[in-house]
Amino acid sequence: MSTFLLDSRQSTKGQCARQRPGGSGAAGGRTPIVRGRRPVEGRSEGAIGHVPVLATELVELLDLRPGQVAIDCTFGGGGHAQLVAQRLGSRGTLIAIDRDPLAEERFAELSSQVACSVRFIRASYAEALELLTEEGARADAVYFDLGMSSMQVDTRERGFSYSFQAPLDMRMDPGQKLDARAILANYDQRALTRLLRDFGEEKHAAAIARAIVNSRAQHPIESTSQLVDLINSAIPVPARFAGSHPAKRVFQALRIAVNDELGQLDRSLPLAFSLLRAGGVLAAISFHSLEDRRVKRFLAARARGCICPPDFPICACGREPEAQLVKNRAITPSASEVTRNPRAASARMRAARKLTEEEARP
Ligand SMILES: C[S@@+](CC[C@H](N)C(=O)[O-])C[C@H]1O[C@@H](n2cnc3c(N)ncnc32)[C@H](O)[C@@H]1O
């Protein structure tokens, strides 16, 4: 974990890690060519910035005032953080978290442009929120914009995208040991099937897992194109061309497993909520149902209070609501946002406000 605290008026030049994600470009695919959609060759021409999703809606519902404290758990390209920092003014504090050194570089650029005090913690958000809890930090807003950034997808050599030929890496923290190659090399067929089914909701999970195990007995599976060919060969021909890309769910499942995305979220939601001051807001933007379901259940439980089984005639647990949902339904992007930024299409935002003591015990 690396962390530094800055008054934004200090220059940040040279204070962030300048590490670039490694990667040697294409690792030759030796799987026979199968008809289907395949990745394109070539290295990225430099990652373009991240367009923040549901940005206006997020800033509105956080409703931050000058002098307050906000924690951005997924800094990425800093799109949300920049807007939030404007609301915090010169007396406010922005704490930004990300496990990717590329985000730390972006943070260094942003921190010289905003008026508030800023701090960056390079770590997983579960670790960082634990650290902040130990330090006794308090915040008026804690928010997550889950999943990967456009910068990560567009840096082809990091292997997040099934559209580009690259080594199968998918680590958000390039210092982490586990990568997608290791999973494909070491998980047994049952574990692979479960991973593809549980994290990718992939209906051809068993067939794809079998194909992975058979293929790796001949040669290691190292590149995105090898994996895409293998998926195409394992699924029925119509499924190769119908609907979304046939590799989409497998890549999502591997990325979730490599980065322990669901475990991180489960550990972090209670920490984030407990860091909030009374009246503070917890918000999360999800991009698939596995995340959204977790956020929805967590916030609903805080808003409900009582956890007695529904057939109990009266409450025996005595728990009171601790939060109020900002909206009962998820907030989704407008049609015009999706037209401008198609990556926003599956976004769903949920949020809840922590009740004050008077509100909690009327
Ligand atoms: C969708 S992007 C955030 C984009 C950002 N809101 C913006 O406006 O530019 C998600 C970011 O969260 C980071 N991330 C995902 N899971 C993480 C975790 N468990 N701990 C720390 N960072 C994480 C990724 O590295 C990525 O940079």
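## Ligand shell

Sorted by class, the shell around the ligand holds six nonpolar, twelve polar and four charged residues, where Ala, Val, Leu, Ile, Met, Phe, Trp, Tyr, Cys and Pro count as nonpolar, Asp, Glu, Lys and Arg as charged, and the others, Gly among them, as polar. The ligand is surrounded by 22 residues, of which Pro52, Thr74, Gly76, Gly77 and Gly79 are the closest; a residue is near a molecule if its C-beta atom, placed from the backbone, lies within 6 Å of it. Helix H2 (79–88) and strand E3 (93–98) are the elements that give two or more residues to this shell.

## Model and burial

This is a predicted model, in which local features need pLDDT of at least 70 and side-chain atom pairs count only at pLDDT 80 or more, while totals for chains, interfaces and linings use all residues. Residues are numbered from 1 along each chain as its sequence is written.

The chain has 15 helices and eight strands, taken as DSSP runs (H or I, at least four residues, for helices; E, at least two, for strands) numbered from the N terminus. Of its 362 residues, 48% count as buried, that is, with 20 or more other C-beta atoms within 10 Å of their own, C-beta atoms being placed from the backbone. In helix H3 (residues 101–111), nine of the eleven residues are buried, among them Glu104, Arg106 and Phe107.

## Packing of H8 and H9

Helix H8 (residues 205–218) packs against helix H9 (residues 224–234) at an angle of about 125 degrees, with the axes 9 Å apart.

Methods: A residue is buried if 20 or more other C-beta atoms lie within 10 Å of its own, exposed if 12 or fewer, and partly exposed in between; C-beta atoms are placed from the backbone. Axes are lines fitted to C-alpha atoms, for helices over the stretch in contact, and angles run from 0 to 180 degrees between N-to-C directions.
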